[in-house]
Amino acid sequence: MSDTAIAPKRRFFFATAVIMAAIVVLSFPLTYYAPLVTGSKRFDLLHHVHGFAFFAWMGLYVWQTWLASRGRIAFHREIGLAGLVLAGAMIPLGYWMAQRAAELRIAAGTPDPYYGTWFNLTDLTLFAMLMLASVAMVTRKREWHRRLTYVATLCLVAPAATRWTLKFPLLAPLPLDIFSYLVMDPFLIALALYDRKATGRFHPATVLCVAVLLPLQISAAWIARSEWWSALAPTLIGPR
């Protein structure tokens, strides 16, 4: 089958990957790029390594979806091995970064310092689980693989976008959960609409992802601010 014949079916994943990557790149001018250039804030090595790994993932995802859209599946699978290694490194990096962020909030006297930790760990856990499932289905169920990787990557995009709530005055009062869903949910809706257009039904992978994410979204605000989470979080990710 020619690249031209394959492209229309898979162009959705490449186009949305570019949009996701753009959101991530444009999410850090106030909290990372500007302080880094001006020297107004010192960053730990962990910040840079974490940033490199997660930016690399977005670049790799764009490349992978482009390869798939062109029908270059063999090369796509070869590059996928690098993605597997990168994803494995991102899990501990994400955990350590969440731990460091909690330490900084505690040091700054921030109320509810573990509020953001719930979202950090939830997004990281979802990314890990979805990618494990995606890798397991890469050869047997390609449509599952595409959708699970799509949603796994989306679990990284939403928390990146919330950086705007830290510095931008109009967004600062907006809770992390609400803002992250305003970023994530349009992509889930787009995926569902793509399913309907491409196959005439919602793909089971899309339904499963929504069934997992929706309860977490509904309960996140309550859990992140609950007393039991504030008591449990230090045990999971407390200061070193």
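I take a salt bridge to be a side-chain nitrogen of Lys or Arg within 4 Å of a carboxyl oxygen of Asp or Glu. I am working on a predicted model.

**Entry 1: salt bridges**

I looked up the total and found five salt bridges in the structure. I began with arginine 147. Its salt bridge with glutamate 143 has the closest N and O atoms 2.6 Å apart. I placed both residues in helix α6, where they are four residues apart, so about one helical turn separates them.

I then checked cover, with under 20% relative accessible area as the cut-off for buried. Arginine 147 has 2%, so I list it as buried. Glutamate 143 has 23% relative accessibility, so I list it as partly exposed.

I noted a network of salt bridges that links Glu143, Arg146, Arg147 and Asp195.

**Entry 2: arginine 100 and aspartate 44**

I looked at another salt bridge, between the side chains of arginine 100 and aspartate 44, at 2.7 Å from N to O. Arginine 100 sits in helix α4, and aspartate 44 in the loop between α2 (29-38) and α3, so the pair ties together parts 56 residues apart in sequence. Aspartate 44 has 31% relative accessibility, so I count it as partly exposed.

**Entry 3: second largest pocket**

I read about 550 Å³ of space in the second largest pocket. Its lining has 25 residues, and the closest to the centre are Gln64, His76, Val138, His145 and Thr149. I listed the elements that give two or more residues to this lining: α1 (3-25), α3 (45-69), α4 (73-107), α5 (115-136) and α6 (142-161). Which element gives the largest share? I found α4, with eight residues. By type, I sorted the lining into twelve nonpolar, nine polar and four charged residues.

**Entry 4: nonpolar patch**

I turned to the surface. Trp222, Trp228, Leu232 and Leu236 form a nonpolar patch there, with about 430 Å² of accessible area together. Helix α10 (residues 227-237) gives the most to the patch, with three residues. I checked leucine 236, which lies in helix α10. Its relative accessible area is 40%, so I list leucine 236 as partly exposed.

Conventions
Residues are numbered from 1 along each chain as its sequence is written. This is a predicted model: local features need pLDDT of at least 70, side-chain atom pairs count only at pLDDT 80 or more; totals for chains, interfaces and linings use all residues. Side-chain values use heavy atoms; hydrogens and water are left out. Patches are made of residues with over 30% relative accessible area and no salt bridge: like charges are joined within 9 Å, nonpolar side chains (Val, Leu, Ile, Met, Phe, Trp, Tyr) within 5 Å. Accessible areas come from the Shrake-Rupley method with a 1.4 Å probe; for residues, only the protein chains shown count as cover. Buried means under 20% relative accessible area, exposed over 50%, partly exposed in between (1.4 Å probe, protein chains only). On a 1 Å grid over the protein atoms alone, a cavity is a set of points where a 1.4 Å probe fits but cannot get out, and a pocket is an open set with protein on both sides within 12 Å along at least five of seven lines; lining residues have an atom within 4 Å of a point. Grid points are joined across faces, edges and corners, and a volume is the space filled by probe spheres set on the points. Ala, Val, Leu, Ile, Met, Phe, Trp, Tyr, Cys and Pro count as nonpolar, Asp, Glu, Lys and Arg as charged, and the others, Gly among them, as polar.
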